[in-house]
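Let's take a walk through a protein model together. Have a look at it first, and then we will go from its surface to its core.

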Amino acid sequence: MSNLYLKQVLCLIPVSCLIAFPGYAAENDFSLGLGAAYSTSTYKDYDENVFPLPIVNYDNKVFFVHGLSAGAYLYQDEYNVLQASVSYYAQEFDPDDANNSQMKLLDKRDSTAMGAISYTFRSPLGNITSSLAIDVLDESDGGMIASAQYNYPIPFTQQLTIIPEAGIKYSNSDLNQHYYGVSSSESARSGLTAYDPGSAVTPYFGVAFRYNVSDTLSAFIASRYQVLPDEIQDSPMVDSSHTIQTSAGISYRF
């Protein structure tokens, strides 16, 4: 299986991923498509998210756009890939979307952009990726995520590839405070208990399926299950022990 094919598969894993799977590509590889993404909400009495997902992938072996991430390769060979990227971090909280009178009185939490450095080691036994990302828009006053992931592409048939994954994500206290903290002023206004979360480690598991309809047209579906740690579950904003993110779509390679 080609490195290009693996990259195209793995860069379509759910939008919760910060870093698209790095790797080799044919020069000026370019594909477009359209899909949809669904995510259960961590927040109490809050609408689940379903939104269209434009699929854009471009790679000239120096610069790339992989879904919601864009960046440049710093180094790559047969086994190692080092890249820098900026990715859209989609999580947000809008009190107008809450279905709870107390939650409606909290402050809005905006999504942001994360700048990251990631390294991938590729082998016949699977791919290991580690990354470090920081909030470059400073929406979270110093938010940071470190993650490590293992995946193993399985060519089930000539057309179908299955890619199971497992990983952990560390989020620092600044990021958790932005998305799950309740300040004293918010507490006084809403009646929710004030809450100041610390750092947290979130394990996740997922699987992606890609089916090649033809040499240029392919379809995918991918899903990820996250187990929320106590630091997040204990927030008065949260009423869930897990989240599920799923995306699906089609893409055409030019």
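Helices (H or I, at least four residues) and strands (E, at least two) are DSSP runs, numbered from the N terminus. The model is predicted, so local features need pLDDT of at least 70 and side-chain atom pairs count only at pLDDT 80 or more, while totals for chains, interfaces and linings use all residues. Residues are numbered from 1 along each chain as its sequence is written, and side-chain values use heavy atoms, leaving out hydrogens and water.

Start with Glu-92, in the loop between strand 5 (80–89) and strand 6 (112–123). Glu-92 counts as partly exposed because its relative accessibility is 37%; buried means under 20% relative accessible area, exposed over 50%, and partly exposed in between (1.4 Å probe, protein chains only).

Now turn to the core. A nonpolar core is a set of buried Ala, Val, Leu, Ile, Met, Phe, Trp, Tyr and Cys residues joined through side-chain atoms within 4.5 Å. The largest one has 21 residues, and Tyr-43, Phe-93, Met-103, Leu-106 and Met-237 touch the most other members. Strand 6 and helix 2 (173–180) are the elements that give two or more residues to this core. Helix 2 supplies the largest share, three residues.

Finally, find Thr-246 in strand 13 (residues 242–253). With a relative accessible area of 24%, Thr-246 is partly exposed.
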